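Me: I would like to learn how to read a fold from its strands, helices and ligand shell. Can we walk through one together?

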Amino acid sequence: MSAIEIEQLGKSFGAVEVLRDINIEIASGEFVVLVGPSGCGKSTLLRMIAGLEEQTTGEIRIGGRVVDEMPAKSRDIAMVFQSYALYPHMSVADNMSFALRLAKVPREEIVSRVKAAAEILGLQDLLGRMPRQLSGGQRQRVAMGRAIVRDPAAFLFDEPLSNLDAKLRVKMRAEIKKLHQRLGRTSIYVTHDQTEAMTLADRIVVLNRGRVEQIGTPSELYEQPANLFVAGFIGSPE
Ligand code: ADP
Ligand code: MG
């Protein structure tokens, strides 16, 4: 059984159709990257998978269960945003533990999970700091830490590195790859950066104007692009 199944998914905002006939099956542990130009519907698709947005047509199943019918809490998915969305008035440790405290996870368990995540992300010495005292890269690590402590079945990333400068982006890209190798969790990663897509993905989904142009491994897309759009998008420099 696939970890995440997306079937005949469509979305309209009023009369405007932004996604159409989306079919994607994602295996457990797979790292799938959604790429496509700005406005093609990447975030909307991710938000529907997270259950933050309702689809107009079709169905999404996670672990065989239909997303619409699952209460938000039992979805077992953690999302990392471009804007980090850290709580400015909370320390790094409190930002990371917030969801666990809400879920009434026992205190000792929270402490050990935050410690483990901080070690994975190199945040051990920053747990007492406030978000404003952190660099962009450190903030993004905290945002990832907040997702990791929840130990979700799947991670959803929406352009998590696009607010960072080019050098840091390359570094964080490698860290995300290592993280995936270490945790092996199903991940869906949105970017408009083809280099990021080519380096991180087991498979890439190329979206354009709300439709899937092609799904394949990086080398399949590079060697056998389905059309000129895919060829141009995958082949063009960063
Ligand atoms: P991407 O993440 O690929 O840049 P989005 O998923 O954010 O694209 O947006 C896809 C299209 O849907 C855009 O044309 C955008 O303006 C439109 N859109 C997104 N959210 C809304 C909304 N809440 N109401 C109306 N239109 C929206
Ligand atoms: Mg977006």
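This is a predicted model: local features need pLDDT of at least 70, side-chain atom pairs count only at pLDDT 80 or more; totals for chains, interfaces and linings use all residues.

**Reading strands, helices and a ligand shell**

Reply: Start with one strand pair: β3 (residues 31-35) and β9 (residues 203-208) run parallel and are joined by 4 bridges.

Me: What holds strands together in a sheet, in general?

Reply: Strands of a sheet pair through backbone hydrogen bonds, and the pairing is either parallel or antiparallel.

Me: In what order do the strands of the 6-stranded sheet stand, and how do they pair?

Reply: The order is β6-β7-β8-β3-β9-β10. The sheet is open, and its pairing is mixed. At the edges stand β6 (77-81) and β10 (211-216), each of which pairs on one side only. On average, neighbouring strands here are turned by 15° against each other, direction ignored.

Me: Which strands of that sheet does α1 touch?

Reply: Helix α1 packs on the sheet and touches β3, β7 (154-158), β8 (186-191) and β9. The direction of α1 makes about 155° with that of β8.

Me: Now the other sheet. What is the strand order there?

Reply: Read it as β2-β1-β4-β5. This is an open sheet of 4 strands with antiparallel pairing. The edges are β2 (16-26) and β5 (65-66). Each has a single partner strand, so one side of each is left without a neighbour in the sheet.

Me: How many bridges join β1 to β4?

Reply: There are 5 bridges between β1 (residues 4-13) and β4 (residues 57-62), and the two strands run antiparallel. In β2, the bridge partner of Ile6 is Ile24. The pairing of β1 with β2 is also antiparallel, over 7 bridges.

Me: And which way do side chains point along a strand?

Reply: In a regular strand they alternate between the two faces of the sheet.

Me: What should I look for in the turn between β1 and β2?

Reply: Look at phi. The hairpin of β1 and β2 has 2 residues between the strands, and Gly14 takes a positive phi near 60°. Then turn to β4 and β5, which form a hairpin with 2 residues between them. Gly63 in that turn has a positive phi of about 55°. β4 and β5 run antiparallel and are joined by 2 bridges. In β5, Arg65 is the bridge partner of Ile62.

Me: On to helices. What describes a packed pair?

Reply: Two packed helices are described by the angle between their axes and the distance between the axes.

Me: At what angle do α2 and α4 pack?

Reply: The angle is about 30°, with the axes of α2 (residues 92-102) and α4 7 Å apart. That makes α2 roughly parallel to α4, because angles under 35 degrees count as such. The crossing of α2 and α4 is right-handed. Val92, Asn95, Met96 and Ala99 in α2 meet Val142, Gly145 and Arg146 in α4. By type, the residues of this contact are 4 nonpolar, 2 polar and 1 charged.

Me: How do α3 and α4 cross?

Reply: The axes of α3 (residues 107-121) and α4 (residues 136-148) come within 9 Å and cross at roughly 140°. That makes α3 oblique to α4. The crossing is right-handed. On the α3 side the contact has Ala117, Ala118, Ile120 and Leu121; on the α4 side, Arg141, Met144, Gly145 and Ile148. These residues divide into 6 nonpolar, 1 polar and 1 charged.

Me: What angle separates α2 and α3?

Reply: About 135°, with their axes 10 Å apart. So α2 is oblique to α3. This crossing is right-handed. From α2 come Ala93, Met96, Ser97, Leu100 and Arg101; from α3 come Ile110, Arg113, Val114 and Ala117. The contact divides into 6 nonpolar, 1 polar and 2 charged residues.

Me: Last, the ligand. Which residues surround ligand 1?

Reply: The shell consists of Phe13, Val18, Gly36, Ser38, Gly39, Cys40, Gly41, Lys42, Ser43 and Thr44. Helix α1 (residues 42-49) supplies the largest share, 3 residues.

Me: How does the shell around ligand 1 divide by residue type?

Reply: It has 3 nonpolar, 6 polar and 1 charged.

Methods:
Residues are numbered from 1 along each chain as its sequence is written. Chains are lettered from A and ligands numbered from 1 in the order in which they are written. A residue is near a molecule or strand if its C-beta atom, placed from the backbone, lies within 6 Å of it. Ala, Val, Leu, Ile, Met, Phe, Trp, Tyr, Cys and Pro count as nonpolar, Asp, Glu, Lys and Arg as charged, and the others, Gly among them, as polar. Two strands pair if DSSP finds at least two bridges between them. Axes are lines fitted to C-alpha atoms, for helices over the stretch in contact, and angles run from 0 to 180 degrees between N-to-C directions. Angles under 35 degrees count as roughly parallel, over 145 as roughly antiparallel, 65 to 115 as roughly perpendicular and the rest as oblique. A crossing is left-handed if the near helix is turned anticlockwise from the far one by less than a right angle, and right-handed if clockwise. Two residues are in contact if their C-beta atoms, placed from the backbone, lie within 7 Å.
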